[in-house]
Amino acid sequence: MSLSSTLSTAQAILSNTGTQAAVVAKNLANAQNPDYVRRSAPIVAGGNGAVVGDIVRAGNPALLRQTIESSSAASGQRTLLDGLNAIKNLMGGNDNEFSPAKLIAALQNNLDAFAAKTNDIGLGLAVLASAQDVAAGLKTASDELQGLRKQADEEIGNKVGELNALLSQFQEANDRVKNLTATGGDPNDALDTRDGLLKKISEIVGVTASLRDGNDMVLYTSDGTTLFETVPRKVTFQPTASFDASTPGNGIAIDGVPLRAGQGGDTTAKGSLQALLQLRDQIAPVFQSQLDEIARGLVTAFAETGPDGTLVPMAGLFTYKDETGALQTAVPAAGAIVPGLASRLVINPAVVPPAGSMDALRDGGMNGAEYRVNTGGSSYAGLIDQYNRNLEAPMAFDPATAIGDSRNLLSFATMSVGWLEQLRSSATHADEAKYAMLSRSLNAYSSATGVSLDEELSLLLDIEQAYKAAAKLLRMTDEMVEALLKMGR
């Protein structure tokens with residue numbers, strides 16, 4: 001080997017080890033960055049010996065696709081579960097102590113006690129207090145449920161704004177990838193940025209990615225709607241100012257195509273947007289309809305029909321106000337939801353002291369003397385017992401409540417709690433499964449593309465040895481040149 005070739009070899013080694021050391025240093029600096037994909041600097045044969053080829057990025061499209069899909073499913077499921085937990089909290093703690101079923105059961109117990117001793121004013125006041133608790137509980141649950149719908153609507157607006165911003169950033173990253181690929185530059189950093197944005201997008205809406213020539217990426221939603229192709233497609237949404245039981249929420253459109261809501265406790269939602277739509281437009285309205293039917297059932301069960309039960313039913317202990325705030329006396333039609341009735345249910349002023357009389361609770365007559373049942377004595381329990389029987393009497397409910405096959409008001413109220421708990425249980429199990437899948441996907445992706453400190457430090461030792469060999473070769477060359485110069489003197 002000539003001195004010139006020896007010197008050239010040493011220079012090549014130093015150049016290669018310098019490049020490799022820089023790559024290892026960058027890997028180590030990004031070891032905790034979840035969006036960073038490990039780089040390597042492989043040695044390839046060149047015209048002048050071994051040289052470092054292109055910097056190779058350890059991407060894994062199949063595992064990235066699995067991670068994105070798992071992220072969308074887990075995000076949608078967690079969003080749904082959080083919403084269901086918020087609805088459950090309206091019912092109180094683990095025992096659902098503020099649920100209509102528990103409040104009506106307490107009312108029934110007080111009615112039993114009052115029926116046994118109808119001349120005890122204290123027991124009558126206990127009935128009145130428990131009835132007021134039922135009405136207040138239904139109103140509070142209804143109002144807070146609509147508040148949750150409003151929160152979901154606001155969150156949809158925030159997520160749509162975030163999605164549009166991410167798509168704009170995705171365009172910039174995609175353009176950088178295409179430009180660097182076309183000009184022979186290093187697109188690896190831009191690819192990291194693009195993949196990181198793709199992960200964030202997948203948490204908001206289900207997305208699939210397709211690569212085209214020149215490293216160009218196209219995005220579609222899980223429903224097949226184009227989300228990004230060269231430029232972002234517009235995601236539009238108009239928030240709703242306020243919600244009540246009859247207020248529908250506005251939809252989300254992606255490139256003019258409506259985004260569908262998720263379905264079921266093990267939701268089909270991909271990303272948080274579909275789950276928020278499911279909560280706002282499906283689950284909360286169904287639960288609201290159940291509250292409204294409970295309120296209608298109470299008005300019906302405690303309606304006055306006169307001494308012989310033949311008079312036109314009129315609202316008794318439980319009545320309600322219309323949308324203008326006017327007190328109503330008509331009993332709503334059987335088996336048909338009255339939207340928002342739960343929030344307008346009140347106790348009849350005719351039985352509330354001091355303006356009203358507790359005697360009307362025992363004897364009837366809240367709607368006039370002709371509706372009075374007990375007309376002589378102070379120990380009649382027949383009307384109180386009838387109220388109790390009405391709570392367990394057959395009653396028709398609207399099928400739109402999802403539990404319309406309930407036998408009576410008490411079973412309907414109980415099944416309402418069961419409906420929510422069953423949905424929440426299904427969502428909880430699905431959340432555990434989907435997050436386990438996401439965890440496995442992330443671990444697999446990280447193992448394939450992430451930085452291993454042990455591997456990088458081991459590689460750094462190899463690079464150090466190569467550098468020492470180059471340095472030794474240079475010293476040997478220097479000594480040989482010096483020896484030749486001495487010989488020529």
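Tutor: A cavity, on a 1 Å grid over the protein atoms alone, is a set of points where a 1.4 Å probe fits but cannot get out, whereas a pocket is an open set with protein on both sides within 12 Å along at least five of seven lines. Points join across faces, edges and corners, and a volume is the space filled by probe spheres set on them. The model is predicted, so local features need pLDDT of at least 70 and side-chain atom pairs pLDDT 80 or more, while totals for chains, interfaces and linings use all residues. Residues are numbered from 1 along each chain as its sequence is written, and side-chain values use heavy atoms, without hydrogens and water.

Student: How many cavities of 30 Å³ or more does a search of the whole structure find?

Tutor: The search covers the whole structure and applies a threshold of 30 Å³ or more. The largest cavity has a volume of about 30 Å³. The number of cavities found is one.

Student: Which residues line the largest cavity?

Tutor: Lining residues have an atom within 4 Å of a point. By class, the lining of this cavity has four nonpolar, two polar and one charged (nonpolar is Ala, Val, Leu, Ile, Met, Phe, Trp, Tyr, Cys and Pro; charged is Asp, Glu, Lys and Arg; polar is the others, Gly among them). The residues are T221, D223, T225, I254, V257, P258 and L259.

Student: How much space lies in the largest pocket?

Tutor: The lining of the largest pocket consists of 20 residues, and those closest to its centre are P61, L64, D195, L211 and M217. By class, the lining splits into 10 nonpolar, five polar and five charged residues. The space in this pocket is about 370 Å³.

Student: Which elements give two or more residues to the lining of the largest pocket?

Tutor: Elements are DSSP runs numbered from the N terminus, with helices (H or I) of at least four residues and strands (E) of at least two. The elements that pass the limit of two or more residues are α2, α5 and β5 (207-212).

Student: At what angle do helices α2 and α5 pack?

Tutor: Helix α2 covers residues 61-90 and helix α5 covers 188-204, with their axes (lines fitted to C-alpha atoms over the stretch in contact) 7 Å apart. In contact (heavy atoms within 4.5 Å) are L64, I68, S71, S72 and S75 of α2 with D195, L198, K199, S202 and E203 of α5. These residues divide into three nonpolar, four polar and three charged. Taken from 0 to 180 degrees between N-to-C directions, the angle is about 30°.

Student: Are α3 and α9 roughly parallel or roughly antiparallel?

Tutor: Helix α3 (residues 100-116) packs on helix α9 (residues 382-391) at about 150°, with the axes 9 Å apart. Angles under 35 degrees count as roughly parallel, over 145 as roughly antiparallel, 65 to 115 as roughly perpendicular and the rest as oblique. The angle therefore makes α3 and α9 roughly antiparallel.

Student: How far apart are the axes of α6 and α10?

Tutor: Helix α6 (residues 272-301) and helix α10 (residues 409-449) pack at about 165°, and are therefore roughly antiparallel. The contact includes F287 and I294 of α6 and F412 and W419 of α10. Its residues divide into 11 nonpolar, three polar and one charged. The axes are apart by 10 Å.

Student: Which peptide bond is cis?

Tutor: Most peptide bonds are trans. The cis bond has omega near 5°, and P354 lies in the loop between β14 (345-347) and α8 (359-363). The bond runs from P353 to P354.

Student: What is the phi of N215?

Tutor: N215 lies in the loop between β5 and β6 (216-221). Most residues other than glycine have a negative phi. N215 is not a glycine, yet its phi is positive, at about 70°.
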